[in-house]
Every structure is written in structure tokens, then in C-alpha cells.
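Subject: Structure handover

Hello,

Here is the structure I promised to pass on. Please open it and keep it beside you while you read.

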Amino acid sequence: MSRFIPALTLFSTFIASTSADGTDWINVKYFSGTLDASYQSASRNAARAIIRGADAANKHGPYAIVNSEGVLPPSRDCHDYLSWAPYHWPDCNWCGGGRKYISPNSNDTNDDSEGDSPDSATSPDGSDYETGDSSFDDDAAAWHEDYAEQGVADIAQRHHTLNTRLRHRMVRQKRQFVSSVSVPQDSLPEPTTSVDSSLPITTEPIAPSQVTHMPLDSSTTQPVAGTHAPAQAAVKSSKKKDTSSCTPSPTTSMAPSATWTTCPYVIRDGKVNPDVRTLRGPGAINKFTQQAIYNVMAYILTKSDSYAETFVKAVDVFYLNSETHMNPNMNYGQVSRGPGPTGRQGTFTGVLDGRGHVKAVNAIQLLKALKHRSWTKDHDRKILQWMSDYNDWATKSDIGKKSQSRPNNHGTFFAAQMASTRMLVNDLVGARKIITDFFEHAFQDQIAASGEQPFEAVRTRPFHYRCFNLEALITCAKIAEELGLDAWSIKTKHGSTIRSSRFHNEGRSKEEKISELVPHVVSISRAYGDPAGTYSAWLKKAMGDYQDKPFWLYNQTPPPSKVSRRMPIMRRDDLEGPDLSFKCPAIFDNTPKVELEEGLFVTCEDLRPFFENKQELNSSV
């Protein structure tokens, strides 16, 4: 194989971070084999982009979730992953002389302003939070160039009325305020000083005096310090509060982090609270997993041992090293802060933060198939144990079980995570069962006859969430291919396949880029074919240089038409044709409302208009 040498200068926007690619699966059998000359010619620029990505990631890595920003999870174990629920905002409702505490960055829901940008802040290391509200990070800036969007504005406007009518019907369930806590000034430790974000492999453990932790029990009156923002003073408010239900206001300055345990938090769907990006964990897992897949692919393309060795070093730091490893659980993923014990534990949405493990598993599978000497038996034994433990936690814990049962993107990404980890530990039967169970059950209610995705369309940013679940569906289908299964042909009980949802742009806000859809259309084009050139014509309009992007190279594998084993195309009760009459999705059989995000509920009636709209949604083709 010829060696690809990066010929272009790396743009500074690309250096910022390495989490541009969404979740995907690269075919191990194909890319660990011999690539022909025609493949190299068609994908040369995409290969150079991958090599540049690996070089950029390696300048800043390796990465670890071990928190050097001074905040520990309630377990007090720095190896436990910690993140905040991204759409949750403090609702302090301060009273006492008409005074209230206002946290920084307009981080307060007393004012229901809709002016907050979902992508208005970055973490200390420059990364986006990657909650699913932003599939591509700053290093995708080169993607956000001028592209044709003919007809999209009209489509979005036409769909706006339906979305607006339904969004206000979603139930935002407010967290219960357990106790009113008065906060004396002398109870607050000073915020910790910032620590350099770079993390060498042989870093010294953080001394207990340098960190703060979230309280372990609900009886404490000590707020948590640890953010780097300056302390804020209570300020006067012109609004009079009902003192029978409000929270006693602090009379002196207090750290912004005091809101974590004294104020109830409420959900503002689609509005990312900027302070979720002050923690190390989310950025680290995204950067590491992108570094992993870029380095292994760069090794395949260049045969340079340094990329393989760097990858192994990165795996060691993130998963295995005694000082920097991540524990195999997400017990404190997307904590929804607030008073009481529920404010000190993770939520089912936190499992979504671990979707990057799919890329890490993919990279490990590729290097193992190539039998590179840097991947030793000891590495293999340890990583298989880690992934087995993670899979056990996800499938047996209450948090994991709830994530698995969700009918939207949370359940889809859960299936991708579990199938990939089962495949890595050589439990192919278990991996196939996960994929089969998902497509025979949850998937059956995910795409309506029109191609709409009701559980995603009901959200405040329907275009993004459609793309996000489509990303997870495509990943599951590609993993199924690796397992000898054909998920591309599976139809929902409404008669739709994954391809049915390909071009739905309705509800796209001006902040959302159509480029988010481009990688998925490339994947669909490979899977279903493009004999009329419809997909390629759309892609050229949406992103003229799409063949220069990494996802183009990932999709150069042969189409899945030669897969020998096939999953059932329809369930037995659907053999007479798709059921176009509306029935509540199965998840409503035992409950009147379903939780899509922590604290965000929908009813069957909220979803009905999206299912009953039998007219195929227009596309931009």
C-alpha cells in the first residue's frame, strides 16, 4: 500500500480538539485487509485528513478523565467519570429581603429567556461538551463552509407550526426541593486554583486538599466549591417572592458552585448549561476516542509504527494505567444537581456520554486484526476485562437498564455500545442478540410511515435529534454487518427502513448546519446504492468537498448486499403489510408518559401527529 503523506498545513481551528467525527463503525474485515489501488485514489484526500487528525490529537494527548479541575464525584474516587446533566439549570428562587443569587453565564432559570445558545461555551481544554446537541466540534470548522440549502427554509417554516404546537405540551417535571439551606460565608472553602489541562502519563495523584467533592449524603449543609469563577454576591431583585415557597437567600458572597446542592435544577430542553463544560470527563472521552480511531487508521494508511504505538499508549492512559484510568461505569454521568440524594447520583442520560467507547472498541479490533506487536497479550487481557466489567455494569445497573429501555437516541446508542463491547470480548452470540432485540423491538416505533422519527421530532431541536438518532441507527447497522446480519433491510411496523429518514430537514434552526446530515447520507448511499445519482447530487450541494472528509474513507467498504445471514425483514404480525393505523408505541403499554431526558416527559398524544402524518416529508433533493 502506498504511503499517504499529509501535504496541507494544519489549520488552527483543527488543532483545538479532535472530536469532530460522530459515532461510526469502520469495517474491521475490510480495513485490516489489502486495499486496492482504486480505493487509494478515490480516498486520498480523506486519508490525508485522517492523518492530520491523528497528528493534531497526538500533540495534545494522551487524555484521561481523572479530574484536575478540583471537583470529585460523590464517591471521592477521581477515576469515576463525572459530568453534569447538560440541559439542567439552577432555579434558586431566592427570597429574604428580595435578594437572590445569580450564578455566572446567565446560569439561572428564574428568567425564562430563550436567548441562550446551546453551544455558547467550551470546556477549559477547548472542547465542546458533546451531549448529542453538537455532533461535531470546533475542529469541524472547515466543514461549515458555504453550501446550497435550496428549499430548506421553506420546509422548516412549514413544519414550524406543528413543532411549536407540540413542544409546549411536553412535560418538564421539576425536581423536588428537599430542604431550605441557609449558607453562611465561613462554610465555603475557597475555589481551587486551575491546573494545567495537559495530563502526562506519570502524573502525581491529586492531593485530597486540592480537590472538593460532592457531598455523600443528604444531611450535609456544606455547599460544594470547586469552580474557578469568582464568588458572586447576592443582588437585589425587583421581583417580590412568595416567602412561603422560596429559598432563604444568602446575605453574603458565595461561590457559584453553592448552587449545586442548595438550588433545585429544572430542565430547559436543548439549552446547554455552560458550566457543564468545566469538567474534564466529557472532553477527555471524546478526544481520546477520536485520537484512537484516527491513529489506528493512520497506521493502516501509512504503515508507520508510531501511530500504532501512540494508540496503545493512549489506551493505556485512558483505560488501564493505575493513576489515570477510568473506572468501568457511568455512575456519575450527567448528574442532575440539586438538594437531596438525587442531586448526587448519575442519570440514565449519562450512559450516552460513553458512546465514544464504540470508536475505541473499533480501533482496538482493527489493531488486533492487524496483529501489531505493540498490542500485547497483557493489554488484551486487561482491556477485555475492562469492557466486560463495563458491559456488566450497563446491563445490570438501574441507570443502564433505564437507558436501554428508552425509545429514542439513548436506547439506540446503548445498543451500539453494548453490541460493540460484546463483540470485543468475543461474545458474538450476545452481540447479535443485542442488535436483533433492538431492531425487533425499540426500532419498530422509531420511524413512522412518512419517515418521521416522532421521539426525536417532538424535541425542541428536531432536525438535530433526527440526525443524532440516525447516527446511532447507522452505527448499529454497520456493527450488524460485522456480525453477519443485515439491519439495513429491517422495516419498522410502519413500513420504514433506516433509509426512509434520510433527508428530513424540517425544524432546522438557523444555528444548525445541514453538514450534520452529510456523513449519514454518505453511509446510506453506500448501504442502499445510488444508481440514479440522487445522493451524490444532494451531497455536492450540501458539502462540495465531502469526499475529502474522514467519513468518506470509512464508507468505501463494499455494500452489504453480499451479507450471507439476514435478520427478519418484518415481524410475523406485519406480513400483510405495514400497519398505518395509529397505535401508541409499545413503551406506553404500562405508563401514561415516557421520559426522554432526565425530567422531560412525553405522552402518546404528544407523538400522535408525527405518526399520523402519512404524507412523506419533503427533502432538499
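Below is what I found, from the whole chain down to single residues.

This is a predicted model, in which local features need pLDDT of at least 70 and side-chain atom pairs count only at pLDDT 80 or more, while totals for chains, interfaces and linings use all residues. Residues are numbered from 1 along each chain as its sequence is written, and side-chain values use heavy atoms, leaving out hydrogens and water.

**Whole chain**

The protein chain has 19 helices and 13 strands. These are DSSP runs, numbered from the N terminus: helices are H or I with at least four residues, strands are E with at least two. Of the 621 residues, 59% count as buried. Buried means under 20% relative accessible area, exposed means over 50%, and partly exposed is in between (1.4 Å probe, protein chains only). Contact means heavy atoms within 4.5 Å. Take the contacts between residues at least 6 apart in sequence: 82% of them join residues at least 24 apart.

**Cores**

A nonpolar core is a set of buried Ala, Val, Leu, Ile, Met, Phe, Trp, Tyr and Cys residues joined through side-chain atoms within 4.5 Å. The largest one holds 99 residues, and Met-297, Phe-311 and Tyr-319 touch the most other members. Helix α7 (residues 280–302) gives the largest share of this core, twelve residues. A second, separate core has 14 residues, including Trp-84, Trp-260, Tyr-265 and Val-272.

**Helix α9**

Helix α9 (residues 357–370) has 14 residues. From its first C-alpha to its last, α9 reaches 20 Å, close to the 20 Å expected at 1.5 Å a residue. The expected span is 1.5 Å times one less than the number of residues. Is α9 mostly covered or mostly open? It is mostly covered: twelve of its 14 residues are buried. Among them are His-357, Ala-360 and Leu-370. The cover includes α7, α8 (305–320) and α10 (377–396).

Most residues other than glycine have a negative phi. Lys-371 has a positive phi of about 55° although it is not a glycine. Lys-371 follows α9, in the loop between α9 and α10. Lys-371 counts as exposed because its relative accessibility is 72%. Asn-426 also has a positive phi, about 70°. Asn-426 sits in the loop between α12 and α13 (428–440). With 61% relative accessibility, Asn-426 is exposed.

**A cis bond**

Most peptide bonds are trans. The bond from Gly-61 to Pro-62 is cis, with omega near 5°. Pro-62 lies in the loop between α4 (44–60) and β1 (71–72).

**A buried loop residue**

Find Asn-408 in the loop between α11 (398–405) and α12. Why does Asn-408 count as buried? Because its relative accessibility is 0%. Beyond its neighbours within four places in sequence, Asn-408 is in contact with residues including Gln-446, Arg-459 and Leu-596. Asn-408 and Tyr-465 are 57 residues apart in sequence, yet 9.1 Å apart in space, C-alpha to C-alpha.
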